[in-house]
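Good morning, and thank you for making the time. Please bring up the sequence and the model, and we shall go through a few of its features together.

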Amino acid sequence: MLEEPEQNLEPQMQRSCVKFLRALCSNNAQIIIATHSPYVLSPIIDLKGVQRLVKSHKGELTCVDLGAISPDGWDFLQLRKKVPHDMELLEALFAPFVVIWEGDSEAGLYPTLMRQLADYPSEWLAGVNAGDAGLDRICLWFKQAGYETVVVLDGDSKNTLSRLSAEKIAFLALPSGKKIEHIVSDALLGLEDAATAKLLLSAIGFSGKINWRNEFKAIWPALAELFRKKELERRSMPTDIAIAEIAEIASQKSLKQSPSDIRRLLETNKGRRFYESIAFSLHKEGKVPVICSKILDALREIWNNQRPLGQYQFDEEGNIHTYVT
């Protein structure tokens with residue numbers, strides 16, 4: 001029996017704990033390990049033999065065999081293949097409350113804002129990007145395993161909201177018809193043109209996806225002109241130099257420095273790192289969208305038992321309502 005073998009070990013060594021113990025013990029030995037580290041669990045691909053001990057609200061200790069959880073035939077191995085971030089999924093196994101983000105945009109934006117807020121208890125929250133696993137499927141797995149879960153998602157898909165509602169899965173949804181891209185683009189429009197250009201260019205990264213042949217040619221003329229002028233094609237350039245060049249081109253040709261269609265740019269660049277960078281910058285500028293702050297407030301209220309787990313949707317004014325199909 002070993003208690004927390006991860007103590008004083010680097011993550012790489014923690015991953016090897018189970019392997020080392022199996023090598024040291026004979027095949028017919030029983031090894032009991034108590035751990036608080038997702039790295040120790042990482043080599044146990046299907047969670048076979050992993051038991052979750054948790055104290056109930058009544059103070060009773062319960063034990064759940066996580067390797068046996070398989071709602072609708074979807075075991076942990078199948079979830080693991082479909083969820084984008086493996087360690088994120090493993091970390092969630094140690095949390096009593098799990099937030100399921102609808103996609104990369106939410107998984108980049110909200111957790112970044114949480115970490116920037118000094119008074120936000122982000123340490124208790126584990127979030128998982130649903131990815132290709134599906135919101136209802138991953139929620140059902142965690143619910144069957146005894147976790148409290150809530151989905152954070154857009155408000156534009158009535159079918160998704162109705163399906164979650166029918167499955168009795170808790171969620172927090174943006175106003176009807178709204179996507180996270182709509183909310184963020186409105187916030188960016190509240191910045192000065194030069195500030196928006198710098199923020200977006202820093203978030204995307206100058207090299208890689210950017211070139212004058214793709215969507216930037218149509219929605220970011222000043223940037224496309226810079227590529228043509230400098231004969232740049234998938235080459236890097238320091239952001240501050242690029243911003244100065246774009247500003248000069250924009251002034252010469254009476255163009256905007258930032259994209260003419262910010263929403264389209266956000267919809268075609270949904271990477272998690274992209275939205276992390278945007279969230280960091282919006283917080284720094286004091287321009288965090290009100291509705292995003294409301295989502296975070298609701299999560300905090302649920303955790304503090306000030307609001308019951310339920311199915312909620314915000315309206316355009318930022319008021320929260322119980323969802324009605």
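This is a predicted model: local features need pLDDT of at least 70, side-chain atom pairs count only at pLDDT 80 or more; totals for chains, interfaces and linings use all residues.

Which residues in α6 meet which residues in α15? From α6 come Asp 104, Ser 105, Ala 107, Gly 108, Leu 109, Thr 112, Leu 113, Arg 115 and Gln 116, and they meet Arg 272, Tyr 275, Glu 276, Ala 279, Phe 280 and His 283 of α15. Contact here means heavy atoms within 4.5 Å.

Residues are numbered from 1 along each chain as its sequence is written, and side-chain values use heavy atoms, with hydrogens and water left out.

To return to the helix pair: two packed helices are described by the angle between their axes and the distance between the axes. Helix α6 (residues 104-116) and helix α15 (residues 272-285) pack at about 35 degrees, and their axes are 7 Å apart. The axes are lines fitted to C-alpha atoms, for helices over the stretch in contact, with angles from 0 to 180 degrees between N-to-C directions. Helices are DSSP runs of H or I with at least four residues, strands are runs of E with at least two, and both are numbered from the N terminus.

For the chain overall, there are 16 helices and 10 strands. The C-alpha trace spans about 75 × 50 × 35 Å along its principal axes. Of the 325 residues, 48% are buried; buried means under 20% relative accessible area, exposed over 50%, and partly exposed in between, with a 1.4 Å probe and protein chains only.

Next, helix α7 (residues 135-144). Seven of its 10 residues are buried, so α7 is largely enclosed by the rest of the structure. Those buried residues are Leu 135, Asp 136, Ile 138, Cys 139, Leu 140, Trp 141 and Phe 142. Their cover includes α4 (76-82), α5 (86-92), β5 (97-101), β6 (126-129), β7 (148-153) and α8 (158-166). Just after α7, Gly 146 adopts a positive phi of about 95 degrees.

Finally, two single residues. Apart from neighbours within four places in sequence, Glu 245 contacts Leu 226, Lys 229 and Lys 230. Leu 9, in the loop between β1 (2-3) and α1 (11-15), is partly exposed, with a relative accessible area of 31%.
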